[in-house]
Amino acid sequence: MIDYSSPAVRLRQRWRQVRDRLATLLISACGIGVIVAVLAIGVFLVVAAWPLFSSPRVASEPATPGVEVAYPLEAPLPAGLEAWRRDQHLDALPYALSHAQPQALGGRLWLAEGHRLTILALDGEAPRRLARLPVVEPERRITALAALAGGRSLVVADDAGGLRRWTVEAAPPWLRLATEYRDRGPVIQALWTLPESRLFLARDAAGLSLFESLAGQRWRGEAPGGEALGFDAEGGLLWRDAGVVQRLAIDAPHAEISWRTLWLPQPYEGHAAPQQRWQSAGEGSLDEPKYGLAPLAWGTLKAAAYALLLAVPLALGAAFFSACYLPRRLRERIKPTLELMEALPGVVIGFVAGLVLAPFVERHLAGGLALIVLLPLVMLLAGGLWTRLPAAWRRCLPLGWAGLWLMPWLALWIALALWASPWLEAALFDGDLRGWLEASLGLGYDQRNALIVGLAMGFAVIPSIFALAEDALSGVPASLGEGAQALGATRWQTLWKVLLPAAGPGVFSAVMIGAGRAVGETMIVLMATGNTALMSVSPLEGMRSFAANLAIELPEAVPGGTHYRVLLFSALLLFLFTFAVNTLAELVRRRLKRRYRQLGAGR
Amino acid sequence: MRRLRLPGRAGLPRGEGPWPWLAAGSLALSLLMLAALLLLLAGRGLGHFWPAPVELVTLDDGRQLAGQPVREERRQTLQGSPLRERLYRTGNRDLDGEAWRWVEVTSIARRERPDDWAVIERQRWGELIVRPLALEEAGRRLAEAPLWAAFAARLERVLSLRAERDALRREVIAPLARRLAAGHDDAEARARLTEAQARVGELQAAMTRDALVVESAAGERLTVPLESMLAAWRPNAMSPPEKLAAWGANLWHFLSEGPRAANTAGGVWPAIFGTVLMVLLMSALVTPFGVLAAVYLHEVAPQGRLTGWVRIAVRNLAGVPSIVYGVFGLGVFVYGIGGRLDDWLFADSLPSPTFGTGGLLWASLTLALLTLPVVIVATEEGLARIPAQQREAALALGATRAEMLRRVILPMALPAMLTGVILAIARAAGEVAPLMLVGVAKLAPQVPVDGDFPYLHLERKFMHLGYHVFDVGFHSGDVEAALPLVYATALLLVGVILVLNLTAILLRHHLRARHAALRSR
């Protein structure tokens, strides 16, 4: 082919080509970059939460010359106590000591005699004997014992190889069995607690094990030969073997976290029975941190469930009505209105719920509860009355516009119910509904409770469910509905028998998206509940959700710490849950769209 | 479709059973809740600025109190008998220890609205609800009639003196002091500084000249220096136009002033400024990247299975809870990038962090990430609506792909992009949860823009309307006093967001109509 273009034109052509390629490159780079950045959220959360579940690393290395023992293996007894022990001829017995750190307990000294433990209080001049208790089976003997940091847990090893943790009480029974790490095994000769942590090392003839007070054994390996000296300032264990000092570096920053400690009830210090608890300890505090995620997961699901309980019937009802009955002109007004409702910020809804609605409902509880039953009845009553109206009236109040003209009717009844609330309460519950609930159903009442959250968050998710369900229903090819109506079905029958079976998956995906939104909503839950991590089903008590917990605690958590990582792990759960739910909903929606296209094509 | 009309029951639906009524009721109830919420916000938010009348209440036992009635509640006594109580805003916190008073309605013997009672707003201790008795000038009682006119004139003088003093401090003294502190030592600046400081001293002295003698409802007399007052009005003596003017002035003060008294009084100007600035920064970040990503996804990337999956993933990220974005912002932007930046650039100010703590930049970035899916999805929808013939025609005429995109496709998709950006702004303006992690402050009197280099301080914390609602409503000592302000702030926020959304909806409507016309051609 002969090119008749002048050189200038050819140059211009080349330049255009280059520009085109550059633009494509730029768009691709930016596009991929943006998409990668957006998808990086999941990656970041996984990377940040991963160290929680990595196993501890314990390695032996040559000690730096001149390193000194900062913490001895056994807490040395104060001089007076040492002298007392000598006087009483008790110096051969294994012992454990806790200083007066926990204010409620005071200092304690435990002495092991055979299978019994003598408990001594260190509050006066001389130790005062509190009790002498058997802690292992009579045929066994205690070989080692140690008090964990904080002095509220005592670990006892016996000569059959058993290893148990007891929690310390301020009053009889003085000790309570918390964890049995094992019943039999190699006999433990010594227990060494790591400084300022809830980890301890158990040395037996075969080797060395690392235990965490809740999570149990985290590592087991060979014990270095020779003699243990103590811990250095970084928490490494120093050994002397044939004159050379070795250091056993123990790297287990998140040893207390395992699937079991996160999700199952744990025998925490200070509680009689295993508990599901979320209670993070402050930095440097000796209190046992309680990282049970179950109460938070419960709170999240409870809030979402109560929200959906309100939102699903209302939103689907509205969507059904909009798809089947609303005149087209009105529908074009109503849809954007509800879209506006979706845009209302959570903080405003939460504020109204927490500061206005909650006190209001507290004062009008009887009326509020009555409304739950009353409102559907009143809607049906309106229908009944309407069919008895003269035809001229009915033409003024067409069924298609019922969504609007029912508003004053419902408002009237709501006002009536709230106005009658005190009388209702006086007549049915002796004027004290909350007392009655407490006495007969055992329900406590929090001002900011699940009912309020359900109402507020339900309000927030109604528009999303409505919009998607309405889209699914009105997307059904018109020929189907028209066919059914032509065969004599009423509009409700058409909806129920034709439209819903066709659009069912779409309606389902709408509900799922609503659930995803309810699970992740932060401000409403934060403001409309008391944020106590309870596990109760009661609609009249509060809860704490993952999202609210993140908003409250993450700013204070130390980056890289266990608390921080557990919080990030909970964010990961939230992310995965909503992402999975949304993906599922989206896939369902796509398949539905394809189906509609096929159905529509058959016309 | 023409509906068949039956002769006897023209246009009426056949018997549909009870279900449609439940469905209609659901719709009505949803709309009712929305209307109730908006009405509540509008009523309480705007009503707060209306000068409420002062009632002088005489109780059965002869005691008197003066206050503005706020609301009534029905409660129950411990014995179970119903009780109607009315809340009065009585002010005078320094005298009574309490600015609110619940009064049992049945115990009220008489209610009056005397004209001469005044509400005086002070710099500290909140409002004073009192009866003015006389004016004092430098400790000497004046006998000026009419008292209120004289007082108003003198208050006006104090206010103008204060305005002059504040302007002097802000515009002369502060810059000079900064220049001197920075080491530019010159005699002229020093002289000007001394002169200005002397003038401030004079103004200060002039302001303390006058005082007002007032009497409270309990009969206490006190002398209030005019210097401590911000405004004063006699609601009972005001005519409706005057009240309307006062309402407008109050509203303006709310919008244009900073908060006072631990955020429970004053205005929300810094919060408005912070919100707007953050949203502007965010849209500057999100618009180009969101549009480019959408163009890539729709026009450049091979339309295979992978792209389909990416599209679904991006769409779903719009449904990921906002707090998760906040966590990401905190972990990556603040602790990750910010901490690194501090190590490299601001090592001399460590350990107090510069970029290693929440700030304007990180908040905007986090929200940009949060709203990216919104912009991508909206732009992609816009691109998908453009008929393929447009692209084919452009390419057939010899345009390269870049030219086709720039000259044909992007201009056509512009309204869609705008819709996306507006929706993104509306979403970002209402999000609070991620901001709590990445940089919002309960009180930041320094706005992030000022006359100091580099003028825009990206590392500063900022105030935000939404967080203001949360903080004032839930963390202030006197919730009753803060509540009207929270209502007003919430109304402002909702108003802004609704207007933005309405714009987006209208734009989209217009867009659909245009494309429908294009397709039918």
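**A close look at chain A**

Modeller: In this predicted model, 86 residues of chain A are in contact with 83 residues of chain B. On the side of chain A that touches chain B, helix 1 (residues 7-49) of chain A makes the largest contribution, with 19 residues. Sorted by class, that side of chain A consists of 59 nonpolar, 16 polar and eleven charged residues.

Next comes chain A as a whole. Chain A contains 17 helices and 19 strands. For 603 residues the globule rule gives 25 Å, but the radius of gyration of chain A is 34 Å, well over that value, so chain A is more spread out than a compact globule. The C-alpha trace of chain A spans about 110 × 100 × 40 Å along its principal axes. One pair of residues gives a sense of distance within the chain: L77(A) and W386(A) are 309 residues apart along the chain, and their C-alpha atoms are separated by 89 Å.

Burial and contacts can be taken together. Of the 603 residues of chain A, 43% count as buried. Among the contacts in chain A with a separation of 6 or more, 63% join residues 24 or more positions apart.

In soluble globular proteins, nonpolar side chains tend to be buried together. Here the largest nonpolar core has 224 residues, and A456(A) and I465(A) have the most contacts inside it. Helix 4 (residues 294-324) of chain A supplies the largest share of this core, 20 residues. Leaving out residues up to four places away in sequence, I465(A) touches A311(A), V312(A), A315(A) and L316(A), along with A510(A), V511(A) and G514(A). There is also a second, separate core of 49 residues, which includes L120(A), A146(A), V168(A) and I188(A).

A single helix can now be examined. Which residues of helix 10 of chain A are buried? In this helix, residues 421-429, the buried ones are S421(A), L424(A) and E425(A). Viewed down the axis of helix 10 of chain A, the buried residues fall within an arc of 95 degrees, so they line one face of the helix. An α-helix has 3.6 residues a turn, so residues three or four places apart point the same way. What do the buried residues of helix 10 of chain A pack against? Their partners are helix 7 (365-388), helix 9 (402-419) and helix 11 (433-441) of chain A. Just after helix 10 of chain A, D430(A) has a positive phi of about 55 degrees.

Some residues in loops deserve a separate look. L77(A) sits in the loop between strand 2 (71-72) and helix 2 (79-87) of chain A. Is L77(A) buried or partly exposed? A residue is buried if 20 or more other C-beta atoms lie within 10 Å of its own, exposed if 12 or fewer, and partly exposed in between. L77(A) has 16 C-beta neighbours inside 10 Å, so it counts as partly exposed. Apart from its neighbours within four places in sequence, L77(A) is in contact with E82(A), R85(A) and L97(A).

W174(A) lies in the loop between strand 9 (163-168) and strand 10 (175-182) of chain A. Although W174(A) is not a glycine, it has a positive phi of about 65 degrees. W174(A) counts as partly exposed because it has 18 C-beta neighbours inside 10 Å.

N531(A) is another loop residue, placed between helix 15 (523-528) and helix 16 (546-553) of chain A. N531(A) is not a glycine either, and its phi is positive, at about 60 degrees. With 19 other C-beta atoms within 10 Å, N531(A) is partly exposed.

Definitions and conventions: Residues are numbered from 1 along each chain as its sequence is written. Chains are lettered from A and ligands numbered from 1 in the order in which they are written. This is a predicted model: local features need pLDDT of at least 70, side-chain atom pairs count only at pLDDT 80 or more; totals for chains, interfaces and linings use all residues. Two residues are in contact if their C-beta atoms, placed from the backbone, lie within 7 Å. Helices (H or I, at least four residues) and strands (E, at least two) are DSSP runs, numbered from the N terminus. Ala, Val, Leu, Ile, Met, Phe, Trp, Tyr, Cys and Pro count as nonpolar, Asp, Glu, Lys and Arg as charged, and the others, Gly among them, as polar. The radius of gyration is taken over C-alpha atoms; the globule rule is 2.2 Å times the number of residues to the power 0.38. A nonpolar core is a set of buried Ala, Val, Leu, Ile, Met, Phe, Trp, Tyr and Cys residues joined through C-beta atoms within 7 Å. The arc is that of the directions from the helix axis to the C-beta atoms.
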